[in-house]
Amino acid sequence: MPEGTIVTAAPRRSCLYMPGANPKALEKAKTLPADVLIFDLEDSVAPEAKAEARETVRRTLALGGYSDKEIVIRVNALGTPWGVADVRAACEVGPAAILFPKIDGPEDIAKARDVAASNGGERIALWAMIETPLSILNVAAIAANSEQANLSAFVMGANDLAKDLRCAHTQDRAPLLTALSMTVLAARAYGLVPIDGVYNDIQNEDGFAAVCRQGLGLGFEGKTLIHPSQIALCNAIFAPTEAELAFARAVITAFAAPENAGKGVLKVDGKMTELLHLEQARRAVAIAEAIAAKA
Ligand code: COA
Ligand code: MG
């Protein structure tokens, strides 16, 4: 990254799912501090409520009121009786992204792009759930084809994946670690944003914090959430800490000092610091500034 490059960053720390058939939750979300709101038409909506949920989401988003939150609509898979109608409704209201579930490979994303484009959604980004065994085996190929499909994020679907793998869904997520890491690897290799899966035990704050920290440590940029009570903690854990920011600012200052002009490596706070650390520092500061701008 050339010196002086302005880094822009959109925080995706907290991505809250809301059942599309629950108008109370959709209304409440207007006042919640989640970075991303995912209007769900899929798993949280019963088959008999699909049409009504679609209409509720369409009407609610047409009225607006969600200020600076990034709006994402999760549609049903295109192979279901509801998928195409969901995409059509989503394209009408123009969210930041449409999230497609049950993606198995790059051909599913190409199909999703075609259906969105043929409904006027050429410019709407796509996000993909990574939640089937095949999606894990194909995750690099899905990411490699992301540019032409305007695919910009992977969302872990840990519940579906654990179900299909018939693996244990334990607190330490050991049986899912390979899948989690492969998803982060593929996302980072091709510039997509990896977002971690949900934590079902709403009352268990300690367990939730541990799993957020694990996701952050693995490289996820944020986490999908199911309840408003999870937002504040998730936002705090996925934001740069004060210590990280202080170090980032020190790195930026050190590289900007006239006596260090043209240098590729410095010592900052006793640590070897290279231009790659300058890039990390700029990103941390940009994210912190974007978070502060929301407050
Ligand atoms: N988004 C926005 N608001 C939500 C919410 C969500 N995901 N989940 C709960 N709320 C609201 C409730 O409407 C209630 O609002 P109120 O204070 O105005 O009455 C408040 O938060 C407290 O809710 P609570 O009583 O603790 O939860 P609940 O029993 O009503 O609902 C769930 C529990 C799990 C059914 C609900 O949280 C939910 O549907 N979560 C999302 C599920 C989902 O989308 N899954 C798909 C992805 S895995
Ligand atoms: Mg699912």
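Colleague: Why is K271 called partly exposed?

Modeller: The relative accessible area of K271 is 46%. Buried means under 20%, exposed over 50%, and partly exposed in between, with a 1.4 Å probe and protein chains only. K271 therefore counts as partly exposed. This is a predicted model, where local features need pLDDT of at least 70, side-chain atom pairs count only at pLDDT 80 or more, and totals for chains, interfaces and linings use all residues. Residues are numbered from 1 along each chain as its sequence is written, and side-chain values use heavy atoms, with hydrogens and water left out.

Colleague: Leaving aside neighbours within four places in sequence, what is K271 in contact with?

Modeller: With those neighbours set aside, K271 touches F247 and L266; contact means heavy atoms within 4.5 Å.

Colleague: How do you know that the span of helix α4 agrees with its number of residues?

Modeller: Helices are DSSP runs of H or I with at least four residues, numbered from the N terminus. The expected span is 1.5 Å times one less than the number of residues. For the 13 residues of α4 (residues 106-118) that gives 18 Å, and the end C-alpha atoms are 18 Å apart, so the two agree.

Colleague: What makes the buried residues of α4 line one face?

Modeller: Those buried residues are I109, A112, R113, V115 and A116. Seen down the axis of α4, they fall within an arc of 165°, so they line one face of the helix. The arc is taken from the directions from the helix axis to the C-beta atoms. On the other side of α4, E107, D114 and S118 are exposed.

Conventions. Chains lettered and ligands numbered in written order. Helix = DSSP H or I, 4+ residues; strand = E, 2+ residues; numbered from the N terminus.
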